[in-house]
Amino acid sequence: MEQNYKIAIIGQGYVGLPLAMSFSKFYETVAFDISVNRIDELNRQYDCNLEVEIKKNELLKFTFNENDLAECDIYIVTVPTPVKENNLPDLSYINSASLLVSKFLKKDNIVIYESTVYPGVTEEICVPILESISALVYNKDFYCGYSPERINPGNSSKQLNNIVKVTSGSNIVTAKIVDDLYSKIIEAGTFKASSIRVAEASKVVENIQRDVNIALMNELAIIFDNINISTSDVLEASRTKWNFLDFKPGLVGGHCIGVDPYYMIYKSKELGYLPDLINKSRELNNSIPMYIVNKTKELLLINNKKILKSKILILGYSFKENCNDIRNTQVEKILSGLNDLECLVDIYDPLLNTNHNNLIENPFKSSKKYDAIIAAVSHDEFYNYTINDFKLISNENLVLLDIKNMYNFSTWKF
Ligand SMILES: NC(=O)c1ccc[n+]([C@@H]2O[C@H](COP(=O)([O-])OP(=O)(O)OC[C@H]3O[C@@H](n4cnc5c(N)ncnc54)[C@H](O)[C@@H]3O)[C@@H](O)[C@H]2O)c1
């Protein structure tokens, strides 16, 4: 017989909100967040991340009231796991969410973590917190699961229900319950990992693999820039081989690829092994914004333009295309490098309405002219602009640095 669970989802961000929407089609769902503003907007059926269309549903309750967490059977934790200034894991959110859940934990409850962590966080860090206030015993009174999230904001074809979801549980019975639960909402199906640690590791591996491969492409792009051949032309040719991996150079920002490798580096170092390749890839990807700044300087000089007080336009500010997420955006580092050169920088990002000092309205509709333009993020809108549009907003000759290979008329491509 099918169970009728009451599910609580702790954290209503990019990951938690789609989960709440999906589970509430089948189960009574408490969608909890500590941010009163976030809950207010969700109650007004508005998602500031512009990812989810919120429909009214009697089974779904958005709340910031902790007491609504009582009487739930399953708690799913989807809070942030960023890094601190020194790139060490910041587990403060997942710790406080665990503490919160422990206040309401009852016999036979299951706590499932979705936040990205290094292998061991659920059982070594979160479980002791869950046991502390509840005075319950892990795998005797309550159980845990881990199911990493793979959604890809800004990409409508890769959403929660059409991506295979890895699941796991703290024992065989729990693993089956967790897997059955997600099978209900994931059309693409689930994959039951052999343990919680394996499921935790699988997620970090996905992002480390991307980070290392992008670092390789960035390194090659620097070499090809020195040789003076086009990286995109080279990759177009290489891509014709059947087993070529299709990675491209670029800025690595955001809260996943640019952050998760640090979690693995931390865990590995704790165990006495320094993972050189992962570490070096992070360093290389972190150096790309300064490479772009130096290239801008070089191209200004080649084009007989001054650097001091030169007017620079950056197209795009979010950490990736077609998404308004600005967490850990590498464009901020480009901005800061140009500010150090005392350039005057404007940024245009049609998807943002944040209060950033450098953000401007559509420059293609203004009469202001720029000495150089950096196309940093490939939002769909930017593909509409022609060489004439760029020339109209350029001082003398067009200097267009194209980080995302968007135009066939750019001065320089990465
Ligand atoms: N965004 C993605 O595309 C994505 C994809 C895969 C995995 N992840 C991982 O999922 C986790 C969540 O990421 P996100 O992008 O949804 O974050 P987010 O910042 O969009 O949302 C997190 C929410 O949690 C809330 N919160 C913080 N502490 C809380 C607490 N103690 N109790 C209740 N709510 C709390 C915040 O107010 C916020 O609304 C992270 O570990 C992230 O690495 C994110």
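# Exercises on a predicted model

The buried residues of helix α8 (residues 260-270) are D260, P261, Y262, Y263, M264, I265 and K267. The model is predicted.

**Exercise 1.** Find what the buried residues of α8 pack against, and which residue takes a positive phi just after α8.

*Solution.* Begin with the test for burial: 20 or more other C-beta atoms within 10 Å of a residue's own. In α8, D260, Y263 and K267 are among the residues that pass. Next, look for their partners. The buried residues of α8 pack against α6 (196-227) and α9. Finally, step past the helix. G272 has a positive phi of about 95°.

**Exercise 2.** Give the strand order of the six-stranded open sheet and locate α3 against its strands.

*Solution.* Read the order as β3-β2-β1-β4-β5-β6, paired in parallel. The edges are β3 (60-63) and β6 (143-146), each pairing on one side only. Neighbouring strands are turned by 20° against each other on average, direction ignored. Then follow one pair. Four bridges link β5 (residues 110-113) to β6, and the two run parallel. I112 sits opposite G145 in β6. Last, place the helix. α3 lies across β1 (6-10), β4 (74-77) and β5. It runs at about 165° to β4.

**Exercise 3.** Describe the shell around the ligand: which residues come nearest, which element gives the largest share, and how do the classes divide?

*Solution.* Start with the count. There are 28 residues around the ligand, and G11, G13, Y14, V15 and S115 come nearest. Next, sort by element. Helix α3 (residues 92-104) supplies the largest share, four residues. This is the helix that lies across β1, β4 and β5. Then sort by class. The shell has 13 nonpolar, eleven polar and four charged residues.

Definitions and conventions
Residues are numbered from 1 along each chain as its sequence is written. This is a predicted model: local features need pLDDT of at least 70, side-chain atom pairs count only at pLDDT 80 or more; totals for chains, interfaces and linings use all residues. A residue is near a molecule or strand if its C-beta atom, placed from the backbone, lies within 6 Å of it. Ala, Val, Leu, Ile, Met, Phe, Trp, Tyr, Cys and Pro count as nonpolar, Asp, Glu, Lys and Arg as charged, and the others, Gly among them, as polar. A residue is buried if 20 or more other C-beta atoms lie within 10 Å of its own, exposed if 12 or fewer, and partly exposed in between; C-beta atoms are placed from the backbone. Two residues are in contact if their C-beta atoms, placed from the backbone, lie within 7 Å. Two strands pair if DSSP finds at least two bridges between them. Axes are lines fitted to C-alpha atoms, for helices over the stretch in contact, and angles run from 0 to 180 degrees between N-to-C directions.
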